[in-house]
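Please open the structure in a viewer and keep the selection panel at hand. The tour goes from one stop to the next, with something to select at each.

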Amino acid sequence: MKLSIRTEGEFTIATIEEARMDAAVAPELKNHIAQLLTDGKTRIVLDISAVTFMDSSSLGALVSLLKMVGNRGDLVIAGAKGIVADLFKLTRMDRVFRMAADVDAALGMVAA
Amino acid sequence: MDMQYQEYNIRLSIDSRLEQVRVLSGALRGIGQELSLSAEQLGQLELMMVEAVNNVIEHAYQMQGGNDVHVRVEYSPQEVHLVISDRGHTMPDELHSTTRDMPDPEGLPEGGWGMGLIHLLADSIRYSSDAKGNHLHVSKQLV
């Protein structure tokens, strides 16, 4: 799974550079982000704008990460669109995650 | 070319390993693009197929590779019918017979959405088992 990491102020922006998030890569994604948390990077914006398909196993991995972040930081999901945004809505998990249209909007949200 | 009256019955299969599911997705997308399905229709079909195939690999075959997962794609201009077949453990009745409630979001579930998603996205669902294995039939109207 290709993931690029950059820092903007106190926020870590993790960008998924693949079009697909599925059960085959969900554990790897979870490990990557969990490592950021272990390294003390607890204010995370996950940019999934390049992702055109996501299954519920990947959603489960994101929920697991949300629990790891708990109340010691942020995990904002940025750029969900199409069937990926539908997955969050159909499972009603869009109520649980903080969702932003893009990274800029996400940064505005967590900085506020 | 007028495809109005064309019908297709396309058979795909993979080995029961999660890393092979992306290839199945690619095949379904290729089929959908050739048949001029909309991005929305194709996204929904792909999500239903992937959730069903993941279930087969995880539950019917209990993550054991070396088993066949078959997907039949039946297309007519009115609807797409997907049949996902396996020879593994049969799905418990309560998972396919009634509309599944989604897990409560507030409980921060990490799974259990698969069949619920298929129920929400499909126009009809039928599950059967015979000497050839288990078959999940999922239909999506196109018009």
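Begin with both chains in view: chain A and chain B bury about 2,100 Å² between them, and 64% of that area comes from carbon and sulfur atoms. Keep in mind throughout that this is a predicted model.

Three salt bridges are counted between chain A and chain B. For one of these, select A:R20 and B:E46, where the closest N and O atoms are 3.0 Å apart.

**Within chain A**

Next, select residues 26-38 of chain A, which form helix α1, and residues 56-69 of chain A, which form helix α2. The axes of these helices are 9 Å apart, and the packing angle is about 15°. An angle under 35 degrees counts as roughly parallel, so α1(A) is roughly parallel to α2(A). Their crossing is right-handed. Show side chains to see who meets whom: α1(A) brings A:A26, A:L29, A:K30, A:I33, A:A34 and A:L37, while α2(A) brings A:S57, A:S58, A:A61, A:L62, A:S64, A:L65, A:M68 and A:V69. By type, the residues of this contact between α1(A) and α2(A) are ten nonpolar, three polar and one charged.

**Within chain B**

Move to chain B and select helix α1 (residues 21-34) together with helix α2 (residues 39-60). Here the axes of α1(B) and α2(B) lie 10 Å apart, at an angle of about 150°. Which way does α1(B) run relative to α2(B), roughly parallel or roughly antiparallel? With the limit for antiparallel set at over 145 degrees, α1(B) is roughly antiparallel to α2(B). The crossing of α1(B) and α2(B) is right-handed. On the α1(B) side, pick out B:V21, B:L24, B:S25, B:L28, B:R29, B:G32 and B:Q33; on the α2(B) side, B:L42, B:L45, B:E46, B:M49, B:V50, B:V53, B:N54 and B:I57. This contact of α1(B) with α2(B) has nine nonpolar, four polar and two charged residues. B:E46, listed here in α2(B), is also the salt-bridge partner of A:R20.

Select B:Q44, B:L47, B:M48, B:E51, B:A52 and B:N55 in α2(B), then B:G114, B:M115, B:L117, B:I118 and B:L121, which they meet in α4(B). The contact of α2(B) with α4(B) consists of seven nonpolar, three polar and one charged residue.

Note on methods
Residues numbered from 1 in each chain as written. Chains lettered and ligands numbered in written order. Predicted model: local features only at pLDDT ≥ 70, side-chain atom pairs only at ≥ 80, totals over all residues. Heavy atoms only, no water. Axes fitted to C-alpha atoms, helices over the stretch in contact; angles between N-to-C directions. Helix = DSSP H or I, 4+ residues; strand = E, 2+ residues; numbered from the N terminus. Parallel < 35°, antiparallel > 145°, perpendicular 65-115°, else oblique. Left-handed = near helix turned anticlockwise from the far one by under 90°. Contact = heavy atoms within 4.5 Å. Nonpolar A, V, L, I, M, F, W, Y, C, P; charged D, E, K, R; others polar. Buried area = accessible area lost by both parts, 1.4 Å probe. Salt bridge = Lys/Arg side-chain N within 4 Å of Asp/Glu carboxyl O.
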